[in-house]
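I opened the model to look up its charged pairs and one of its sheets. My notes follow in the order I took them.

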Amino acid sequence: MPTDPAGTRRPAARRAVRAVGLLAVVVAGAWLGLLVVGSVRTPVGPMDTSMTLRPSLTGGTKINVSPLGALELDSHTGPIRLDVDVDQLDPVRSQALVEHPERISGLQEEITGDVVDGTRELALRSCVAVVTGATALGLVVYRRPRRALAAGGLALALLAASGATAYATWNPKSVLEPRFSGLLSSAPAVVGNARSIVTEFDVYQKELARLVTNVTKLYDATSTLPTYQPDPATIRVLHVSDIHLNPAAWHIVASLVEQYGIDLIIDSGDTMDHGSTAENVFLNPISNLGAPYVWVRGNHDSMDTQKYLSGLRNVHVLDGGQAVTVAGVRVAGVGDPQFTPDRTVVPAGDDAERDAGRRLADSLRAQTRAGTPVDVAVAHNPIAAHQTDGAVPLVLAGHVHRRVNEVLPNGTRLKIEGSTGGGGLRAVEKDEPERVHASVLYLDRDTRRLQAWDEITLGGLGLTTAEVARHVPEDALVEPEPVPAAGTPSPAPSPSPSPTPVPGSPSPAPGAPSREPTAAPGTPSR
């Protein structure tokens with residue numbers, strides 16, 4: 001009797017389809033189980049982490065350190081990957097590394113042991129998760145307990161095989177050869193090139209230990225500022241500086257823009273810390289702060305940083321004395337001629353700053369001759385800003401991480417802002433956290449002369465104090481006179497009156513000066 005090849009193939013095809021369907025149910029159910037209950041919280045070195053198993057073609061371990069980036073380890077080979085999300089850095093364990101940097105040499109063994117312990121617990125939880133997930137989904141799909149149990153058993157077998165493969169290929173030395181991504185990719189640049197790391201390893205490990213501790217405190221700063229409605233007839237300018245990669249600064253700036261009705265934000269530089277391209281994503285919130293953003297390059301900002309900012313919406317980058325009119329205010333600025341994070345280049349020093357300032361001053365005078373006088377000049381370093389004396393009514397700077405207000409000999413007012421980022425990653429290098437500084441400048445809408453300013457001071461990282469002090473310049477009480485030409489001496493300015501505090505802010509003590517102690521203009525930021 002002749003056979004029916006087509007009839008023979010049909011049952012085989014149906015069995016293959018059923019097998020593929022069962023495998024799909026098993027994989028989907030196991031995945032859902034891992035998502036719901038397949039993670040554990042465990043300490044790894046100085047970090048509190050969450051561990052999860054994920055399907056993968058290559059295996060390995062990925063450690064996510066938000067917001068700094070991630071590092072990947074070739075810890076094993078297999079169809080599963082271990083994801084470790086760093087929830088926070090434990091301050092006690094981190095401080096122990098700072099106080100005893102020699103412990104870093106044993107950090108490899110500690111991390112390896114912690115990962116192994118966490119993996120054991122994760123393996124047990126994952127077994128329960130995949131079996132439960134696959135069985136539950138099998139029961140929903142097939143509605144037969146036998147097929148559902150088969151799905152659970154197959155899920156357990158697949159997980160066991162994957163775990164055995166990972167165990168057999170486990171590489172404890174992988175922690176010595178991590179692949180960095182995000183901001184972590186520039187970590188070696190903190191102390192120079194590979195040769196300097198080898199010859200100055202003691203400095204290198206202390207830098208890393210200090211970085212670990214500083215990052216733990218970055219998000220502790222909060223602001224609860226009293227609401228104040230400025231005179232609507234004035235132009236309101238927010239002066240910020242030296243944010244130094246502190247993400248909390250954007251929340252503070254956005255709050256000030258909303259509460260004070262800011263028309264224009266001027267940033268006098270050092271928005272970054274190392275100026276690497278990996279840091280550029282940090283700048284993205286600028287476009288959504290609610291006001292136009294004028295920026296000049298600081299000595300911690302690279303040309304790559306400047307190029308990236310030039311492409312952002314609502315941002316005006318100034319360099320070489322370039323001028324722009326924004327929100328009714330004409331602003332000119334120059335970028336810092338030095339980029340100090342590049343340790344392969346010898347610092348140019350104060351002479352380069354003076355040359356940059358002279359170029360800015362020449363541009364200011366050219367703008368005046370052309371009938372488009374500049375209202376506000378911006379330079380990062382106060383040494384450069386001093387060169388504009390007599391060429392502009394107001395010049396803004398930063399760099400020294402301290403607030404300074406003075407009228408220069410030829411009539412230009414110099415305002416130096418402190419660090420709006422509270423020093424960023426450097427905030428806790430001193431005995432006390434560095435405070436967060438920003439100022440709201442009130443300019444007359446017709447003359448664009450400075451009428452008053454509010455100095456906003458927030459407690460440093462880990463503190464929650466907020467102070468707002470009102471200052472009125474002496475010359476705002478009389479009709480403004482033209483700014484003298486460069487080189488024309490002016491009478492010494494009278495001391496500014498004591499500030500009128502905003503309601504809700506502390507009043508200065510009787511006889512207290514109206515500004516903070518003046519810093520040496522050439523003092524570099526660290």
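**Entry 1: a pair within a helix.** I began with R354, which forms a salt bridge with D351; the closest N and O atoms are 3.1 Å apart. My rule for a salt bridge: a side-chain nitrogen of Lys or Arg within 4 Å of a carboxyl oxygen of Asp or Glu. Both R354 and D351 sit in helix α9, three residues apart, about one turn of the helix. I looked up their exposure next. I use buried for under 20% relative accessible area, exposed for over 50%, and partly exposed for in between (1.4 Å probe, protein chains only). R354 has 31% relative accessibility, so I list R354 as partly exposed. D351 has 52%, so D351 goes down as exposed.

**Entry 2: ground rules.** This is a predicted model, so I take local features only at pLDDT of at least 70 and side-chain atom pairs only at pLDDT 80 or more, while totals for chains, interfaces and linings use all residues. Residues are numbered from 1 along each chain as its sequence is written, and side-chain values use heavy atoms, with hydrogens and water left out.

**Entry 3: other salt bridges.** How many salt bridges does the rule give? I count nine. One of them joins the side chains of R236 and D263 at 3.5 Å, N to O. This pair links distant parts of the chain, 27 residues apart: R236 is in strand β7 (residues 234-240), and D263 is in the loop between α7 (248-260) and β8 (264-267). R236 is buried, because its relative accessibility is 11%. D263 is partly exposed at 22%.

I also checked R81 and D83, whose side chains meet in a salt bridge at 2.6 Å, N to O. R81 is partly exposed at 27% relative accessibility. D83 is buried at 9%. R403, E417 and E455 are linked in a network of salt bridges.

**Entry 4: the sheet.** I traced an open sheet of six strands, ordered β11-β12-β13-β14-β16-β15, with mixed pairing. Which strands stand at the edges? They are β11 (322-326) and β15 (404-407); each has a single partner strand, so one side of each is left without a neighbour in the sheet. Neighbouring strands are turned by 20° against each other on average, direction ignored. Two strands pair if DSSP finds at least two bridges between them. Helices (H or I, at least four residues) and strands (E, at least two) are DSSP runs, numbered from the N terminus.

Entry 5: β15 pairs with strand β16 (residues 413-416) in the antiparallel sense, over four bridges. E406 has L414 in β16 as its bridge partner. V407 stands opposite R413 in β16. The two strands β15 and β16 form a hairpin with five residues between them. In the turn, G411 has a positive phi of about 100°.

**Entry 6: back to α9.** Where does helix α9 (residues 350-369) lie? I find α9 across β11, β12 (329-334) and β13 (376-379), running at about 150° to β12. Axes here are lines fitted to C-alpha atoms, for helices over the stretch in contact, and angles run from 0 to 180 degrees between N-to-C directions. Contact means heavy atoms within 4.5 Å.

**Entry 7: whole chain.** I logged ten helices and 20 strands for the protein chain. Buried residues make up 48% of its 526 residues. Of the contacts between residues at least 6 apart in sequence, 65% join residues at least 24 apart.
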